[in-house]
Amino acid sequence: MTWYVVDGMDGCGKSTIAGILKEELESKGRKVLLVEHPNRDTIIGRMERRFLEGDSKLHEIMSTLFYIMDVVHSLISIRGRRCAVYDDIVFVRYSMAVAYLSESRCRQAYDIVCRILPIPDVMILVDIDPKEAMSRILSRGEELEMFETEEKLTSVRRRMLSISDDWKIIDNNEDVTFVREHVRNIIGGVRS
């Protein structure tokens, strides 16, 4: 089994890239489990989502706690029997969430997370211009989350790129054909 993580800031296209990854793997006859965070299939994920829509320090703390519980719940699930039937697992969001912390805490938190949580086989960071990300977020017509401003996205992007040494970076400002080819190359590197 290969465990992929697709991560990045809000509006960068994580779910789109994860969908392309899943399609490409399935086209090779592989059975793929896709798990998104927040996981709307669990009460933990729904609570996380609810707190993300607030804009207070309490909302930030609670959304962080529920995010951690959501990811841990997913990790426990993939260790269980129900995932044994899959060839590959794709998580949307994982350790890059630490980039939503302050500049001074981001690197330290990332190092701690990497020591505590298992390291995925393949880590993909989806990068995009913050203006484009904000445009995509606004086009959804949903209530904005606490981190969804161009200024905050710019800071989060900078922090994500600063801790992405072991990540494969996909520039999602590019044409979808280029992005799909990049995903294929990543898969090819794993399979060879």
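A: What follows is a walk through the salt bridges and the places they connect. This is a predicted model, in which local features need pLDDT of at least 70 and side-chain atom pairs count only at pLDDT 80 or more, while totals for chains, interfaces and linings use all residues. Residues are numbered from 1 along each chain as its sequence is written, and side-chain values use heavy atoms, with hydrogens and water left out.

A search of the whole structure finds 14 salt bridges, each being a side-chain nitrogen of Lys or Arg within 4 Å of a carboxyl oxygen of Asp or Glu. One of them pairs Asp10 with Arg93, whose closest N and O atoms are 2.6 Å apart. This pair links distant parts of the chain, 83 residues apart: Asp10 lies in the loop between strand 1 (2-7) and helix 1 (14-26), and Arg93 in the loop between strand 3 (88-92) and helix 4 (103-116). Helices (H or I, at least four residues) and strands (E, at least two) are DSSP runs, numbered from the N terminus. Asp10 counts as buried at 3% relative accessibility, and Arg93 counts as buried at 14%; buried means under 20% relative accessible area, exposed over 50%, and partly exposed in between (1.4 Å probe, protein chains only).

Another salt bridge joins the side chains of Arg30 and Asp88, at 2.5 Å from N to O. Arg30 is in the loop between helix 1 and strand 2 (32-36), and Asp88 is in strand 3, 58 residues apart. Asp88 counts as buried, with 0% relative accessibility.
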